[in-house]
Structures are given as C-alpha cells and as structure tokens.
Amino acid sequence: MLNYLHINNLALIENAEVEFAPGFTVFTGESGAGKSILMSAIEFLAGARAERTAIRTGCKQLSVSGEFTVPPALQAAIAGKLTAAGIEFDGENLVIRRVVGQSSTRNFINDIPAGAKLLAEIGSMLIDLHGANEQMSLLQPARQLELLDNYGDLEELRDNCRKIWQDLQSLRAEREEFDRNLPDADTADRMALIVEEIDRTNPAPGEDQELAAKQRLGANAREVLETLGVLSGILTENEGGVADQLGTVYHYLTELEKIDPALTGDAAEICASLQTTVAELSGNLASLADKVELNPEALAAVESRLGELHTLKRRYGPTLEQVFENREYAAGKLREFQNSQSKRKEFDQQEKSLLAELSSAAQQLSAARHRSAEKFMAETVKKLAAIGFNGAKLQPEFTTVEPGANGMDKLELLFNANSGEELRPLRKVASSGELSRLMLALKTVLADADAVPTVIFDEIDMNIGGETANKVGKELAALGDKRQILCISHLAQVAARADHHYQVAKCTTGGRTTSRVVKLDDPVPELARMLGGGASAFDHAAALHRELGK
C-alpha cells in the first residue's frame, strides 16, 4: 500500500506531500488543475520513464518519493529481488525515490541506487495503474489475451512458451549464420588445395629462421674457417702466440717467488688460470670449426628448402606462423563443407525437438486459458451487471494459430451490452463509456485474483453519468474494501462514496502557477462544484454525502 507521496518541482506541482490510507481515495478538481500530474508522479515511482521536460520551469531537477507497506503475500518475492540487488529490506517497509535532472535520472530503493529495470519490476508488483488511454488497448486481441493470462496466473506457462520460442529463434539464427558462412564447392576445392600444398611442403615451426641461419653460415663457410684458423694461431698454434707469452710470464713470476714469495702475491696463480682459459678458448674455436661444413651441395639443399618456405610465406604469409593459421582456417572450412550434411541434419533434429516442445507447452497453455476464460468471463459479467449492464454478455472466441512466443491462441472478446443483441467483436461494438465500465469490471475481477495492493484508476468514469455513475462509485467503494484504490473522478456520484477525498487546485502567486493537493474534511462544497454549483447543487451534494458518504 502507498502510505506517503512527496513531489518536488514536477510540472505545476512545486511541492506537495500526500498521506494515503487504506480504502477508496478520490482526487477531484477542475480540468487542468494537476490531477494527472499527481498520477504521473505515482507512475514514476512504479518505473515509468521520467522525461526531463516534466521538470518545473526554472528548476534544475524534480524528485518524487513514496513510502510503501508491502503486504505479506508479496514480501518474499520482493525480498528476493532486492536481496539479489544488494538492497536492504526489513520485509515490510519500502521507500522509492527518483531524481530527474537535465542530463540523468537517479533511482533509489531504501536509499540504495537501483536500476530502472528493478524499479519497474518492483513497481509493477506494488501498483496497477489504469489510465484513460488504456481503454483503447482493451480493443486489441493481444491485450485481451494478456488480461486472461494475468487472471489465470498463467505467466509461468506463457514464459515457458516464450523461452522455448526464443531458443528456437536462436537455433534458426545459428543455422542461418552457418549457411551464410558455409563455403561452396569451388571454395572448398580451393581450401583443399591450400591444405594439400602446405602439407606437401610440411614446414616446421621456426624452420625458416633455423635454415636462414644455416644458409648464412654455409654461404660464408670459407671466411669463417679462415678467421677461426687465424684466431687459433694467435692463441696457441703460432710460435710467440698468447699461450707462449703467458708461459714466459709464468716463468718470470716463479723466479720472483723464489726471491720473495710475498713479492708477487697471487700473480702466478692468476697467470696459470689465464693459461687454462686460453687453452679452453682455443679448444672452443676448434670445435666451432668442426661444425662449419664447406659443402656446396648441402648449401644448395638449404637454399632450395628456403625457397619452398618462401613460396608458402608469399602465398599464405607473410610469416610462417600465418601460414599455419591459414592452413588451420582452410582445414576448418573444408571440414565445415565436408560435415555440412550431418550438421544440417543436427539442426533439423534440434529444430524438430524444439517445435515438439513448443507445441506441447502451447497446448498446456491453451488448455489452461480455456479453463480460465469461462470463469473470467462469468465473473466479469457479474461485475458488469453491478455497474448497469444487466443484460450484457461477454464471450471468448479462441482461434488456433501457429505456436509462438505467446502460445497457440488468438483471443477475440465477443460482447453485447443488451439482451437479445448478437455477440460481436468488442472492437466493433463497444462505445467509450461501455469500454470504461468494461475495463473497470475486468480490473475489479483481476484485483480479486492478484496481490497488487494499490490500484489506480485515472478517469475510469469517463463518458458515463446518471445511475450508471452511482453504480460505478459503488463498485469502486466495494473494491476499496479489498485494495487501496486511488481514483481521479469528475463525477460527484463517484466521489461521494470515497473514504478519503482530495482536491487538486491551481493557484497563482507572484506570477507563477502552482498546483496544490488538499485533503477535504468536508467534501460537500467540492461535490457541489462538480454538480454545477449554486444552492440547489449544494443541497444535492449534501444529500449525496449523507446518503453515500462514509
């Protein structure tokens, strides 16, 4: 239930605070006074899109906040959604606040930032709003089917159909993608040639770099051997080379040690180490020379292999790694082509399975709809009788269609307002006043079937009057015994039955127009205004208040 509403800088409403109570609450006032702005504020709380154009002229932002008491039937479901979003909830009290600026909208649930999707989900559980424009939606078969599903609590069955349908659409999209990317026979032949050519050459990872090094060494083998020979001569082979010189140094050092061992320190030891190092270096150079092959035939083989690899890289590179990647791509495309028949058969089997699953789910939903429809129509006709349609008939006409996201049913409501008349589609026979009352009857039946605590009617009594208006007021008052009902009305017969009466009026101060909301302790003057004003209207209003008021 909505307990409290605060509005700041929303259109004509500069600042308004409204406390609500259980039962039937009515809002009245002249046309243009701001009643619909009040309803818009509640719509914002329920997740409706907030436009910056709604910000009061000259202000930077608007804000709307509301405090709710969550009924026991909804506490577990709402707690689950809020807990998943990291929002604290004591199990009963909920505060929703929205702030709309020039460039952004911020949403809060219990002072924790919340996404628009979550806000809309919570709002739809707390508030059922029926605006004047919704009457026309009742003429649409899809809307009629939605109302039936809501009444029968068939959302789970319908959601199951939608999930299977979405899976089916995803599968079909995957198949289209597969067919779109599947190579044709010519492309497959070309892919086969690529794989064959690369496999025939059979390159190894890094082989081109390894062969390039061998080719450089082989092409300069003579120069390398000559250089290694010179270095060996300098180190050990030539007379007077490094090894001989170090031997002479070592001889002199040992002579000095004989004179005074402390004189040379560890110089002789260092020299001996150098002799060993020179010998090792010379040996390493000799090993390198053994690895250098002065073989024109081997060099020609290396260069020939490099030429093969260069051809592959030129065609499928430019690097050998890219050659391997193109080989894998070509092989994959070739496999797709070769396995296309089995893949198509797999798609066919999956589609057949999903279609069977969809058909079964749609049949379950259809059977449940047929069972619910009879009771739904009967209860709605009873409500219609209570608001002046004593001879009205309402009958569902189902047409079987191809199973889809919403099952396999198309629903057309057949209606007549008077006894003896032929049943015809609602869209062809109902006047605006009849639509208003029919929507009220449907909403009343639905309110009995669901747990939404607050139902809002924005001018549900449009285009009716007289005794019918009295009956509509009676029905709204009765509905208020089960739900919190908030209603905008222009009819005194309806307003007189309200448990709580608020007047919305415009006033001008300092050249600025604002709307204010005032709770009426004595609604008689306002009822008299609604009846046209004057002494007779006041007397009539007083009589209505005594007879119908609470």
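Start with the open sheet: six strands in the order 8-12-13-3-14-15, with mixed pairing. Bear in mind throughout that this is a predicted model.

**Stop 1: the sheet edges.** Select 127-130 for strand 8 and 512-519 for strand 15. These two strands stand at the edges. Each has a single partner strand, so one side of each has no neighbour in the sheet. Now look along the sheet. From one strand to the next, the twist averages 15 degrees.

**Stop 2: inside the sheet.** Select residues 24-28, strand 3, and residues 484-488, strand 13. The two strands pair in the parallel sense, over four bridges. Which residue of strand 13 is the bridge partner of Phe-27? Pick Ile-488. Strands of a sheet pair through backbone hydrogen bonds, in either the parallel or the antiparallel sense.

**Stop 3: the whole chain.** Zoom out. The protein chain holds 20 helices and 15 strands. Its C-alpha atoms fill a box of roughly 145 × 70 × 45 Å along the principal axes. The radius of gyration is 45 Å, whereas a compact globule of 550 residues would have one near 24 Å.

**Stop 4: helix 7 against helix 13.** Select residues 185-201 and 296-316. Two packed helices are described by the angle between their axes and the distance between the axes. Here the angle is about 155 degrees and the axes are 10 Å apart. Angles over 145 degrees count as roughly antiparallel, and helix 7 and helix 13 are therefore roughly antiparallel to each other. Their crossing is left-handed. Show side chains next. From helix 7, display Ile-194, Glu-197, Ile-198 and Thr-201. They meet Arg-305, Glu-308, Leu-309, Leu-312, Arg-315 and Tyr-316 of helix 13. Colour this contact by class: five residues are nonpolar, one is polar and four are charged.

**Stop 5: helix 7 against helix 14.** The crossing of helix 7 with helix 14 is left-handed. On the helix 7 side, show Ala-185, Ala-188, Met-191, Ala-192, Ile-194, Val-195, Ile-198 and Asp-199. On the helix 14 side, show Val-323, Arg-327, Tyr-329, Ala-330, Ala-331, Lys-333, Leu-334 and Phe-337. What classes of residue make up the contact of helix 7 with helix 14? Colour by class again: 13 are nonpolar, none is polar and three are charged.

**Last pick.** Select Ile-194 and Ile-198. Both belong to the helix 7 contact with helix 13, and both are listed in the contact with helix 14.

Methods
Residues numbered from 1 in each chain as written. Predicted model: local features only at pLDDT ≥ 70, side-chain atom pairs only at ≥ 80, totals over all residues. Heavy atoms only, no water. Axes fitted to C-alpha atoms, helices over the stretch in contact; angles between N-to-C directions. Parallel < 35°, antiparallel > 145°, perpendicular 65-115°, else oblique. Left-handed = near helix turned anticlockwise from the far one by under 90°. Contact = heavy atoms within 4.5 Å. Nonpolar A, V, L, I, M, F, W, Y, C, P; charged D, E, K, R; others polar. Pairing = 2+ DSSP bridges. Rg over C-alpha atoms; globule rule 2.2 N^0.38 Å.
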